[in-house]
Amino acid sequence: MILSESDIQKASILIVDDQESNVLLLEQLLSDTGYSNVTSTKNPQEVPALHRKHHYDLILLDLQMPVMDGFQVMECLKTNAADGYLPVLVLTAQPGHKLRALQAGARDFVSKPFDLVEVKTRIRNMLEVRLLYRRLEGYNKILEQAVAERTAELRESEARYRSLTELASDWYWEQDENMNFTKVSGPVLEMLGIRVDNFSGDAEDTQSAGWNEQERALLQASIAARQPFLDFVFSRVNADGSQQRFQVSGEPMFNRSSRFIGYRGIGIELTAK
């Protein structure tokens, strides 16, 4: 995020001072230094509305003014600022006001009477920080938008995936990291004749009788090793002597931190095909 000289000189600056001589001095100084977007006001009550409208990159604010002093102006600016950075450089002839001004939210200060070299340096330094802050804020918004768009794309892709897998299979399933079923679509209960939370073989059930235990052991070994499996066939013999054969495909799921969070896959009953 490199700033050019043109970026700095085009920054918007507001001078706030009730003394005409100070305003003219600062306007001349800024003009001679190359700043091209400078405005001023001698009425501090106008400042909150002006900043709300123009979003100045820097406000040169005198502290001692009638009707409304610089501290009151800063309090008003805090309530209407569009961002969390208060771009105020205070102008003060009172040494005791410097710390109070910084505590009130000012970013820096310039002592009166002005040292022109000091004024130029502090103005430039503040503008560099302010413009970099704004650029970073812009990048963050772009990043947030990109993340939101990508998240929406992934959700849409996930929805399409599930829709297609459900059309191409008898059932779709998901398991968590403990191999408990979390999502199932399709007539799994009717096809398998078992409770879905026992499909992984983690629990005993009287309905699981008849399964080919060697085939089931191979399937469980793939799951335990966090390996994908494609068109894995396993079978069982029912109490009436009939045989059922099933084919499943599955893949492990991981979160963004590469932590295993479960399995998902599809299955079909080959007996009926």
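In the predicted model, ring pairs join W173, F181, F229, F254, F260 and Y263 into a cluster. The structure as a whole holds eight aromatic pairs, one of which is formed by F229 and Y263. The ring centres of these two residues are 5.9 Å apart and their planes stand at 25°, which is under the 30 degrees required, so the pair is classed as stacked. Because F229 belongs to strand 8 (residues 229-237) whereas Y263 belongs to strand 10 (residues 260-269), the pair ties together parts that are 34 residues apart in sequence. Both partners are shielded from solvent by the criterion of under 20% relative accessible area: F229 is buried at 7%, and Y263 is buried at 0%.

Charged side chains are also placed over aromatic rings. The charged end of R226 sits over the ring of F260, at 3.8 Å from its centre, and F260 is itself one of the residues of the ring cluster. In a further arrangement of this kind, R122 lies over the face of F109, with a distance of 5.3 Å from the ring centre.

Strand 10, to which Y263 belongs, also contains G265. This glycine, G265, is buried, its relative accessible area being 2%. When neighbours within four places in sequence are left aside, G265 is in contact with W171, Y172, W173, S249 and G250, and W173 among these contacts is a member of the aromatic cluster. The C-alpha atoms of G265 and V248 are 7.2 Å apart in space, while the two residues are separated by 17 residues in sequence.

Methods
Residues are numbered from 1 along each chain as its sequence is written. This is a predicted model: local features need pLDDT of at least 70, side-chain atom pairs count only at pLDDT 80 or more; totals for chains, interfaces and linings use all residues. Side-chain values use heavy atoms; hydrogens and water are left out. Rings of Phe, Tyr and Trp (its six-membered ring) pair if their centres lie within 6.5 Å; planes under 30 degrees apart count as stacked, over 60 as edge-to-face and the rest as tilted. Helices (H or I, at least four residues) and strands (E, at least two) are DSSP runs, numbered from the N terminus. Buried means under 20% relative accessible area, exposed over 50%, partly exposed in between (1.4 Å probe, protein chains only). A charge sits over a ring if NZ of Lys or CZ of Arg is within 6 Å of the ring centre and within 35 degrees of the ring normal. Contact means heavy atoms within 4.5 Å.
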